[in-house]
Amino acid sequence: AVGTVAAPRRTGRSRLADETRSVLGAAVATLAVVTVAVWVIRGIDIAAGDHPLGFILVHVVLAVVSIGLAGAAARSVLGLRPDRDDSVERSEPGRSPVG
């Protein structure tokens, strides 16, 4: 039988990749916070102003969508997942869990 030599697996990311991910994650999280703050301030201003109901409703929808997307973006870069159950053992992609 002919033996095969397995190539060494790269188990970790490079330090530069981790630092870049960290900086980008912080930037996305910061922009998400700014988005929420802007919409809260503008939402109060729009609701308190002399605007037609349609204008107010459109901006409420825009605010809700923007805040939802900002939250989703922040969760994705920060690794926060509401459906994540830490009690369940996770395996690497392509590998079956041991047990």
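Visitor: Why is Asp 45 called partly exposed?

Guide: In this predicted model, Asp 45 has a relative accessibility of 42%, and because partly exposed covers the range between under 20% for buried and over 50% for exposed, Asp 45 counts as partly exposed.

Visitor: What makes the contact between Arg 42 and Asp 45 a salt bridge?

Guide: The side chains of Arg 42 and Asp 45 meet at 2.6 Å, N to O, and a salt bridge requires a side-chain nitrogen of Lys or Arg within 4 Å of a carboxyl oxygen of Asp or Glu, so the pair qualifies. In general, side chains of opposite charge can pair when their charged atoms come close. Arg 42 and Asp 45 both lie in helix 1, three residues apart, which is about one turn of the helix, and a search of the whole structure finds one salt bridge.

Visitor: Is Arg 42 buried, partly exposed or exposed, and how do you know that?

Guide: The relative accessibility of Arg 42 is 40%, and because buried means under 20% and exposed means over 50%, Arg 42 counts as partly exposed.

Visitor: Which label does Ile 46 receive, and why?

Guide: Ile 46, which also lies in helix 1, has a relative accessibility of 4%, and since the limit for buried is under 20%, Ile 46 counts as buried. Of the 99 residues of the chain, 10% count as buried.

Visitor: How are helix 1 and helix 2 oriented, and how do you know that?

Guide: Helix 1 and helix 2 pack at an angle of about 165°, with their axes 9 Å apart. That makes helix 1 roughly antiparallel to helix 2, because angles over 145 degrees count as roughly antiparallel. The crossing of these two helices is left-handed, and the chain contains two helices and zero strands.

Methods. Residues numbered from 1 in each chain as written. Predicted model: local features only at pLDDT ≥ 70, side-chain atom pairs only at ≥ 80, totals over all residues. Heavy atoms only, no water. Axes fitted to C-alpha atoms, helices over the stretch in contact; angles between N-to-C directions. Helix = DSSP H or I, 4+ residues; strand = E, 2+ residues; numbered from the N terminus. Parallel < 35°, antiparallel > 145°, perpendicular 65-115°, else oblique. Left-handed = near helix turned anticlockwise from the far one by under 90°. Buried < 20%, exposed > 50% of the residue type's maximum accessible area, 1.4 Å probe, protein only.
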